[in-house]
Amino acid sequence: MAKAWKKLSILALAAALAAMVAMVGCSSEQKSEEATDEKAATETTAEPVELQVFAANSLSKAMEEVQAAYIEDGHSNVTFADTQYKSSGELNEMLGAGSYADLLISASKGSMDTAVKEGYVDEGTRVDMFKNDLVIVSKEGSGLKDVTLQDIADGKYTFCVGDESVPAGNYADQALSTVGVYVPSGDDEGKTGKDISGKNGSFAEDYNPVLDTSVGNVCKHAQSGDVDVAFVYTSDVYRFGGVEIVGTVPADTHKNIVYPGAITSQSKNVEATQEFLDWCQNSEKAQEIWQKWGFELA
């Protein structure tokens with residue numbers, strides 16, 4: 001009889017334990033379902049918002065991927081208007097003419113300084129987002145290699161740079177001033193390299209580079225073989241293809257290439273824009289995309 005009772009007690013204890021495990025499991029599943037439902041409800045009830053981004057031309061491919069990833073990463077209430085990819089100078093001109101934007105990402109500190117001075121952006125939201133390098137590229141298969149600034153000064157190659165509205169062109173002019181190809185004027189007269197703006201000067205006699213209005217177009221001149229070489233960002237090689245790096249411009253010949261971002265003063269979606277700006281810098285998904293297209297986080 002004692003053995004029977006003992007057996008029954010063991011069976012009863014096992015049954016009780018099984019019931020407790022089942023209850024815990026149900027509770028965990030319920031909490032998981034509730035969390036999922038809560039997240040879905042939050043996304044469903046979040047106010048729809050459309051963000052207008054003004055971004056430097058060189059960011060186009062990367063930004064398109066980042067925006068798509070942002071929406072997929074729990075921000076289904078967000079849509080993006082037709083993002084404007086222009087030279088940083090053109091973007092400032094558009095803002096000055098009354099065009100609406102929530103976020104401005106420039107390809108140079110100087111252009112963002114202008115945006116701050118003119119009141120186009122909220123300076124308190126300004127942050128350095130990316131870094132880039134200036135390189136010399138040629139058409140794929142050109143056979144060129146180890147092209148230097150001195151080679152340009154010696155007249156060995158035809159070349160293309162961005163005009164004064166294009167930050168990549170300003171950086172190129174700064175570098176070319178160190179070998180006498182570009183001649184600074186005004187407040188920059190007598191200075192060279194990173195001490196000048198790369199604007200309002202001129203090219204020395206016998207130098208007639210092809211000028212264009214965006215770094216993308218500059219890259220295309222090399223891609224097509226219109227010129228022997230062109231000055232573009234490393235990221236443009238990833239973005240366009242059809243060109244190869246044949247020289248790297250020494251970093252000490254031009255200002256640091258930094259992309260600042262800031263929320264505009266006119267933004268009607270400050271909170272949503274700030275959330276997107278933060279995600280661009282902190283999300284692992286975003287970082288992978290930026291790096292894929294040749295941008296280094298600042």
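A cavity is a set of grid points where a 1.4 Å probe fits but cannot get out. In this predicted model, one cavity of 30 Å³ or more is counted, and the largest cavity holds about 60 Å³ of space. Its lining comprises 13 residues, of which N57, A107, V166, P167 and V215 are the closest to the centre. By class, the lining of the largest cavity consists of seven nonpolar residues, five polar residues and one charged residue.

Six strands are arranged in an open sheet of mixed pairing, in the order β4-β2-β5-β14-β6-β15. Because β4 (84-86) and β15 (296-297) each have a single partner strand, these edge strands are left without a neighbour in the sheet on one side. Helix α4 (residues 109-117) packs on this sheet, where it touches β5 (103-105), β6 and β14, and its direction makes about 20 degrees with that of β14. Within the sheet, β6 (residues 127-131) and β14 (residues 258-263) run antiparallel and are joined by four bridges; D128 has P260 of β14 as its bridge partner.

Five bridges link β7 (residues 134-139) with β13 in the antiparallel sense, and V137 stands opposite I245 of β13.

How values were computed. Residues are numbered from 1 along each chain as its sequence is written. This is a predicted model: local features need pLDDT of at least 70, side-chain atom pairs count only at pLDDT 80 or more; totals for chains, interfaces and linings use all residues. Side-chain values use heavy atoms; hydrogens and water are left out. Two strands pair if DSSP finds at least two bridges between them. Helices (H or I, at least four residues) and strands (E, at least two) are DSSP runs, numbered from the N terminus. Contact means heavy atoms within 4.5 Å. Axes are lines fitted to C-alpha atoms, for helices over the stretch in contact, and angles run from 0 to 180 degrees between N-to-C directions. On a 1 Å grid over the protein atoms alone, a cavity is a set of points where a 1.4 Å probe fits but cannot get out, and a pocket is an open set with protein on both sides within 12 Å along at least five of seven lines; lining residues have an atom within 4 Å of a point. Grid points are joined across faces, edges and corners, and a volume is the space filled by probe spheres set on the points. Ala, Val, Leu, Ile, Met, Phe, Trp, Tyr, Cys and Pro count as nonpolar, Asp, Glu, Lys and Arg as charged, and the others, Gly among them, as polar.
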